[in-house]
Amino acid sequence: MRTDKDCKKLGRGIGLSTALALSLSLLGACSSQEWYAAGREAQRDQCKKLMDSAQRDRCLQDANMSYDRYQREKTPTTAK
């Protein structure tokens, strides 16, 4: 069984598309929150490569979104 530490390492040193492909094969080994964290870490690595500071700052702001906020924003609220 994979540990939280293993899941966090998943996003390091590999491209985002590779991490996503690998995640499909190991989907049951880590929680969705751990997968989210690994993806955010990979995104932060990509953000750091951006030369334009404004683009890099926006990218890092998105990459640093908390899992809870992500869940709230991805789940549409229903108006009553």
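Author: The model is a predicted one. Start with aromatic pairs: two rings of Phe, Tyr or Trp count as a pair if their centres lie within 6.5 Å, and planes over 60 degrees apart make the pair edge-to-face. By this rule there are 3 aromatic pairs.

Reader: Why is the pair of Tyr36 and Tyr67 called edge-to-face?

Author: The ring centres of Tyr36 and Tyr67 are 5.3 Å apart, and their planes stand at 65°, so the pair is edge-to-face. The distance falls within the 6.5 Å limit and the angle is over 60 degrees.

Reader: How many helices and strands does the protein have?

Author: The protein has 5 helices and 0 strands. Along the sequence the pattern reads α-α-α-α-α.

Reader: How do you know what span is expected of helix α3?

Author: Helix α3 covers residues 32-47, which is 16 residues. The expected span is 1.5 Å times one less than the number of residues, and for α3 that comes to 22 Å. From first C-alpha to last, α3 reaches 22 Å, close to the expected value.

Reader: Which residues of α3 are buried?

Author: The buried residues of α3 include Glu34, Trp35, Tyr36, Ala38, Gly39 and Gln43.

Reader: Why is Gly39 called buried?

Author: The label needs a relative accessible area under 20%. Gly39 has 17%, so Gly39 counts as buried. Gly39 sits in helix α3, and its C-alpha is 8.6 Å from that of Ala63, a residue 24 places away along the chain.

Reader: What makes the approach of Gln43 and Arg40 a polar contact?

Author: A polar contact requires N or O atoms within 3.5 Å, one able to donate a hydrogen and the other to accept it. The side chains of Gln43 and Arg40 are joined by such a contact at 2.4 Å.

Reader: Where is Asp52, and what does its side chain approach?

Author: Asp52 is in the loop between α3 and α4. A polar atom of the Asp52 side chain lies 3.2 Å from the backbone nitrogen of Ala54. With a relative accessible area of 38%, Asp52 is partly exposed.

Reader: How many salt bridges does the structure hold, and what makes a pair count as one?

Author: The structure holds 1 salt bridge. The rule asks for a side-chain nitrogen of Lys or Arg within 4 Å of a carboxyl oxygen of Asp or Glu. Side chains of opposite charge can pair when their charged atoms come close.

Reader: Why are Glu73 and Arg69 separated by about one helical turn?

Author: Glu73 and Arg69 are 4 residues apart in helix α5, so about one turn separates them. An α-helix has 3.6 residues a turn, so residues three or four places apart point the same way. Glu73 is partly exposed at 49%, and Arg69 is partly exposed at 37%.

Reader: What do the totals say about burial and contacts?

Author: Of the 80 residues, 24% are buried. Among contacts between residues at least 6 apart in sequence, 49% join residues at least 24 apart. The protein exposes about 6,000 Å², and carbon and sulfur atoms supply 53% of that area.

Key
Residues are numbered from 1 along each chain as its sequence is written. This is a predicted model: local features need pLDDT of at least 70, side-chain atom pairs count only at pLDDT 80 or more; totals for chains, interfaces and linings use all residues. Side-chain values use heavy atoms; hydrogens and water are left out. Helices (H or I, at least four residues) and strands (E, at least two) are DSSP runs, numbered from the N terminus. Buried means under 20% relative accessible area, exposed over 50%, partly exposed in between (1.4 Å probe, protein chains only). Contact means heavy atoms within 4.5 Å. Accessible areas come from the Shrake-Rupley method with a 1.4 Å probe; for residues, only the protein chains shown count as cover. Rings of Phe, Tyr and Trp (its six-membered ring) pair if their centres lie within 6.5 Å; planes under 30 degrees apart count as stacked, over 60 as edge-to-face and the rest as tilted.
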